[in-house]
Amino acid sequence: MNRRLPLLITILLFGYAFLYIPIVSLIVYSFNESRLVTVWGGFSTKWYGELLNNGPLLSAAWLSVRIAALTATLAVILGTLAALALVRFRRFRGRGSLEVMVTAPLVMPEVIIGLSLLLLFVAMETVIGWPAGRGMTTIVIAHTTFAMAYVTVVVQSRLAHMDLSLEEAALDLGARPIKVFFAITLPIIAPSLIAGWLLAFTLSLDDLVVASFVSGPGSTTLPMVVYSSVRLGVSPEINALATIIVGLVTLAVLIAGWVLWRQEKRNQLDAH
Amino acid sequence: MASVRQFKPEEPWQAPEGEPIVRIENVTKRFGSFYAVDDVSLHIHQGEFFSLLGSSGCGKTTLLRMLAGFETPTSGRIFIDGQDVTDIPPYERPVNMMFQSYALFPHMNVADNIAFGLKQEGMAKAERQERVAEMMALVQIDKLAQRKPHQLSGGQRQRVALARALAKHPKILLLDEPLGALDKKLREQTQFELVNIQERLGITFIVVTHDQEEAMTMSSRIALMHEGRIEQVDPPRRLYEFPSTRYAASFIGSVNLFEGYVVQQDDDQVLVQCDEAGGQLLVRHSQPLVPGMEVTLALRPEKVRVISHLDADAPNQLRGVIKEIAYLGDVSIYHVELASGKRVQFTQSNVQALAEQPLTWDEEVLLGWSANSCGVLTE
């Protein structure tokens, strides 16, 4: 066992290095004094300052945050409904196809999701006149379709582990079904809703491909700005921005993980 | 098997004029082609501690869930206190249930769990708090009001579940394996408490259990179920002493069964030819039987005695050889092989066994029992 330990540690270090060196170098260079990205010119936080003066970038960031928040909220509502349908109503017409459709975006290439939604929006505009043009609305709809899939999976697993007799007990004590949902089911699955919301928020904030397809003039999201400016050469400003995003995403993922971990622990305690 | 219940002179199921609090009429529940409950009719009276007893899959839980309203009968009607509740949803029925898993709401503390039902009926806060305190005192968990369910032991959870189900003062309390999750010691102690609480409140209890000892100890009456049907409904003592079917006889306690046919019947004495026993057996049976009819005799092991010598006048004497002895502490079980190869079980308390000369393996013994000791089963 002990003789294999050095080997294990080496492999572990390589693994971590592979995953994190790019991010670490990005963070390090965001504090670079020099304008040349690859030449270290001393420590500075001036690029963070410059970031604040970059109007288009900030408005794109604000748009992305709004889209992500809206997407996450819609995805949680729809994803929870889909999960309830799949877990609680064991047999209904179209159950199989709902299950496939709901989880399809998990494995579908983003390009195809983006393209198909674009075609749909254009067709809808021609036929029913809504959504008029492409912009924030279409991006939110597009993001919701794939973020919902993740929420469904997370909530579904929580619901499947929930003791059905809890709901029956509430019914038995005189609560009507709607009341049972809000007083019993919702609080019990709440941790998975929070985790799902954070996950959807992160997915939406990150997305470049789908958003590029369904956005219109005046609705440029943060990843789109970053992508187009990087094509003209990486500026340290982008490094600073990326550092902030990495920080936010890490925080969101940690919170989601912590919420799920705590819930898991409580489940184990309840099981005894 | 001892009953802790004081037998009261009035036995409500004997009174023909009394309206039963639960009337189950020809209820059938089918899942696909499987009959979980098959044409069951049952009357349960106010103040009874009624047990539905049977092995798993016999339909007892389905029947209980139909009383609670979680399942709808495929056919038949259910009346509670004169009202047809067959199509009434669970949240409008005057019954409450204690779940096998206890189903305590994990995000609420003990007091909120108990108050949940009262809140639903819109009881004022002061009255509600008073009722919750009263319930917690009843089940002796006064100090746990602020605890969350995951901070409680199994026994404490069971009490909270009981208090929550009793809080609304239901007309009927349904209990699904109420003691199933407790260890043996705690279970015995809780049996007595359940009976005390039930007698104090006068609420009708309907209990589902697979544990015959539990049912025998607590119940005023037991309905023994088998494959969706009711085999027998009787007070514990009657169910044990006078099982009416072969299944009932073998489910409750252990029993020796002898196959035979009726030779003749004088008054209330029946003579049965039984080849397994190597002769004719005499039993007391008052219902008229036709000679030649095939019957089964049921004999409890503790009613068999070892006798010292053949008595020409006494009936029911068999000779055999002891093949197995199982020592259980208070009693020992002996398996005796008859000349026909049939094995007969009998038990003897070890106090008695020590006083007399001890029985041992391969010893030839003479067994005897009185005509009153045997039951006659025709089904």
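Modeller: In chain B, four strands make an open antiparallel sheet, ordered β2-β1-β4-β5. This is a predicted model: local features need pLDDT of at least 70, side-chain atom pairs count only at pLDDT 80 or more, and totals for chains, interfaces and linings use all residues. Residues are numbered from 1 along each chain as its sequence is written, while chains are lettered from A and ligands numbered from 1 in the order in which they are written.

Biologist: Which strands are the edge strands of this sheet in chain B?

Modeller: Strands are DSSP runs of E, at least two residues, and helices are runs of H or I, at least four, numbered from the N terminus. Two strands pair if DSSP finds at least two bridges between them. An edge strand pairs on one side only; in chain B these are β2 (34–44) and β5 (83–84).

Biologist: Which residue is the bridge partner of B:Ile80 in β5(B)?

Modeller: β4 (residues 75–80) of chain B pairs with β5(B) in the antiparallel sense, over two bridges. In β5(B), the partner of B:Ile80 is B:Gln83.

Biologist: At about what angle does helix α1 of chain B run to β2(B)?

Modeller: Axes are lines fitted to C-alpha atoms, for helices over the stretch in contact, and angles run from 0 to 180 degrees between N-to-C directions. Helix α1 (residues 60–68) of chain B lies across β1 (22–31), β2 and β4 of that chain. Its angle to β2(B) is about 60°.

Biologist: Which helix supplies the largest share of the side of chain A that touches chain B?

Modeller: Contact requires C-beta atoms, placed from the backbone, within 7 Å. By that rule, 17 residues of chain A meet 19 of chain B. α7 (164–172), α8 (177–206) and α11 (236–271) of chain A each supply at least two residues of chain A's side. The largest share, six residues, comes from α7(A).

Biologist: At roughly what angle do the axes of α3 and α4 of chain A cross?

Modeller: Two packed helices are described by the angle between their axes and the distance between the axes. The contact joins A:Ala82, A:Ala85 and A:Leu86 of α3(A) to A:Leu98, A:Glu99 and A:Val102 of α4(A). The axes of α3 (residues 55–88) and α4 (residues 95–107) of chain A come within 11 Å, and the crossing angle is roughly 145°.

Biologist: What distance separates the centres of domain 1 and domain 2 of chain B?

Modeller: An automatic or database assignment sets the domain bounds. Domain 1 of chain B is 12–94 + 170–249, and domain 2 is 254–377. Taken over C-alpha atoms, their centres are separated by 34 Å.

Technical notes
Contact = placed C-beta atoms within 7 Å.
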